[in-house]
Amino acid sequence: MAQKTNWFENAVVYQIYPLSYMDGNNDGIGDIPGIISKLDYIKDLGATAIWFSPLYASPWKDYGYDISDYRAIHPAFGTMEDFDRLMAECKKRGLRVIMDMVLNHTSDQHAWFREAIADPNSKYRDYYIIRPGRKKNGKLLPPTNWVSCFTGSAWARIDGTDDFYLHLFAPEQPDLNWENPAVRDEIVDIMRFWLDKGVAGFRFDVFNLWSKVYPLRDDRGLLRLQKGSSFFVDGPRMHEFLRELNTRVLSEYDTYTVGESYLPDPEHAHRYIRRESGELDSIFDFAHLTSDNLFGLKFIPKPFDLLRFKLGLLGPQIKYFATGWNTLVLENHDCVRSVSRFGIKTEQYRYEAATFLALITFMGWGTPFIYQGEEIGMTNADFTSMDQLKDPVSHFVFDTMTKTFRFPRGLAFRLIRCGARDHARTPMQWDDGVNAGFNAGETPWQCLNSAYPEINVRRDLNAERSVYRFYQQLLAFRRENPVALRGETRLHLPKSRRMIVYSRELEGRRLLIVGNFSARSRKFRLPSGFHATRLAVRLTNYDRQLLRREMTLRPYEAIVFEEI
């Protein structure tokens with residue numbers, strides 16, 4: 001059993017979406033050699049680990065989250081030798097590697113599934129959740145009325161039979177049967193394969209769907225947004241399965257695990273990360289990212305609610321402090337760009353908003369996760385038609401809106417554009433040259449964001465007000481200040497709809513983090529217990545030296561004070 005060092009508590013994780021990061025061979029698709037060429041850039045930012053969205057072999061029906069071979073690199077990204085070189089180059093720079101591990105489902109092109117549907121007597125039949133359909137009024141119906149996250153019914157019929165297989169996402173992503181011990185044996189072996197290569201941990205994709213409620217049956221809930229969710233979210237054996245993975249494989253290495261949870265119950269979410277539970281080190285909590293949409297439905301916008309944002313961002317820090325570990329996140333491959341949401345006027349305040357969001361988020365308690373391009377303030381793309389969108393979810397929701405609910409196509413497109421995951425997947429903007437420096441000229445797999453001549457790495461690094469440089473300062477301050485790393489979070493002015501104010505406190509030392517979350521100057525008064533004469537400005541995205549009990553904060557101004 002390896003000694004667990006909890007290295008992740010001091011880490012800064014940089015997420016790479018490989019298709020869109022850097023194209024090293026000019027075929028239009030990002031790849032491992034391209035990533036290697038940018039490792040110094042990531043190191044210089046202040047990151048200490050990289051999380052890679054899936055690099056595995058895949059038919060790309062969901063761009064890598066449908067895996068056809070867990071032990072192979074997709075040829076478009078390179079070879080296993082390229083991956084080994086990537087590991088070696090990361091190690092030289094002190095960068096740990098976190099792999100995305102998609103274990104709720106495989107691709108329908110995986111050898112297991114192909115054998116499962118080809119031969120009803122194959123052992124692989126029980127690797128998946130396959131059930132006979134139900135006959136009613138002469139029609140063959142799916143085994144239950146469950147609805148998938150992507151495409152209507154959660155069941156797909158196996159051609160030439162009356163059997164169906166469960167897919168909680170796309171039909172090309174059949175769910176694995178975690179009840180089968182042989183499946184769990186396979187998963188342990190897969191994880192060990194990558195850990196033996198030197199991988200430092202895993203991000204578990206939609207992990208809390210692994211356990212289903214048996215026997216499978218219809219969902220009779222009348223008001224549930226997603227039929228069946230009570231039978232497959234936080235299922236009865238979830239905690240058992242996680243503990244088994246730790247006992248059998250993770251405990252043998254100095255690992256870090258972070259779970260992407262799907263609509264988690266708050267009590268389950270807390271149990272997953274309790275230090276004594278032996279389950280996960282942390283989860284992503286996205287509650288603050290529902291503050292400008294309805295019920296977390298990204299395609300249904302609503303006015304930004306700062307109270308909800310504060311509760312979502314700071315609530316887990318307060319709740320988990322004594323018992324677990326937290327993550328700090330603004331963006332990932334599934335989210336729109338942070339400076340293009342929350343009611344922010346990006347055209348006028350992009351630098352201010354990007355640095356404001358970084359400071360108020362990453363000065364919190366937990367491990368920062370930075371998504372590629374976030375560190376230069378990349379914005380949403382100006383998509384003009386559905387033809388520019390690659391994400392299957394965008395097209396499914398568009399078809400549902402226009403065909404099922406009869407939305408006008410123009411309105412449906414505007415709603416899709418509000419929440420499309422495609423915004424996060426446009427090529428990384430390295431410079432103002434051909435294809436934003438992503439490659440040497442071959443048409444990229446996804447269209448470019450037209451803002452790249454103005455927003456790109458080279459221009460930002462040369463700018464007087466550089467988002468990247470601000471990130472460097474912020475991450476350096478965190479790294480060097482024990483209160484920023486370990487201090488307990490306390491919320492101040494909880495009812496303010498314009499200000500976000502919290503403190504970090506450790507062994508009598510205090511930091512005060514203050515931000516004006518609006519495009520107008522606002523009056524601000526220090527919270528009770530803090531005195532201007534005892535506070536020093538340690539970091540801010542504006543020039544500020546003079547402190548008073550009452551002061552005016554400019555649009556998206558954010559400040560870190562230290563008590564002296």
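Ala182 counts as partly exposed because its relative accessibility is 28%; the term covers everything between buried (under 20% relative accessible area) and exposed (over 50%), using a 1.4 Å probe and protein chains only. This is a predicted model, where local features need pLDDT of at least 70, side-chain atom pairs count only at pLDDT 80 or more, and totals for chains, interfaces and linings use all residues. Residues are numbered from 1 along each chain as its sequence is written, and side-chain values use heavy atoms, with hydrogens and water left out.

**Ala182**
- You'll find Ala182 in helix 5 (residues 181-196); helices (H or I, at least four residues) and strands (E, at least two) are DSSP runs, numbered from the N terminus.
- From Ala182 to Met363 it's 181 residues in sequence and 44 Å in space, C-alpha to C-alpha.

**Helix 9**
- Helix 9 runs over residues 306-320, which makes 15 residues.
- Its first and last C-alpha atoms are 21 Å apart, close to the expected 21 Å, a figure that comes from 1.5 Å times one less than the number of residues.
- There's a kink of about 35 degrees at Leu314, shortly before the proline Pro316; the bend is the angle between axes fitted to the seven residues ending at a residue and the seven starting there.
- Among the buried residues of helix 9 are Leu306, Phe309, Leu313 and Tyr320.
- The cover over those buried residues includes helix 8 (266-273), strand 13 and helix 10 (346-362).

**Thr290**
- Thr290 sits in the loop between strand 13 (282-284) and strand 14 (293-294).
- Thr290 counts as buried because its relative accessibility is 16%.
- Leaving aside residues up to four places away in sequence, Thr290 touches Gly296, Lys302 and Arg308, where contact means heavy atoms within 4.5 Å.

**Cysteines**
- The structure has 0 disulfides, a disulfide being a pair of cysteine sulfur atoms within 2.5 Å.
- Cys447 is too far from other cysteines for a bond, because the closest cysteine sulfur, in Cys418, is 17 Å from its own.
- Cys447 is partly exposed at 25% relative accessibility, while Cys90 is buried, with a relative accessible area of 1%.
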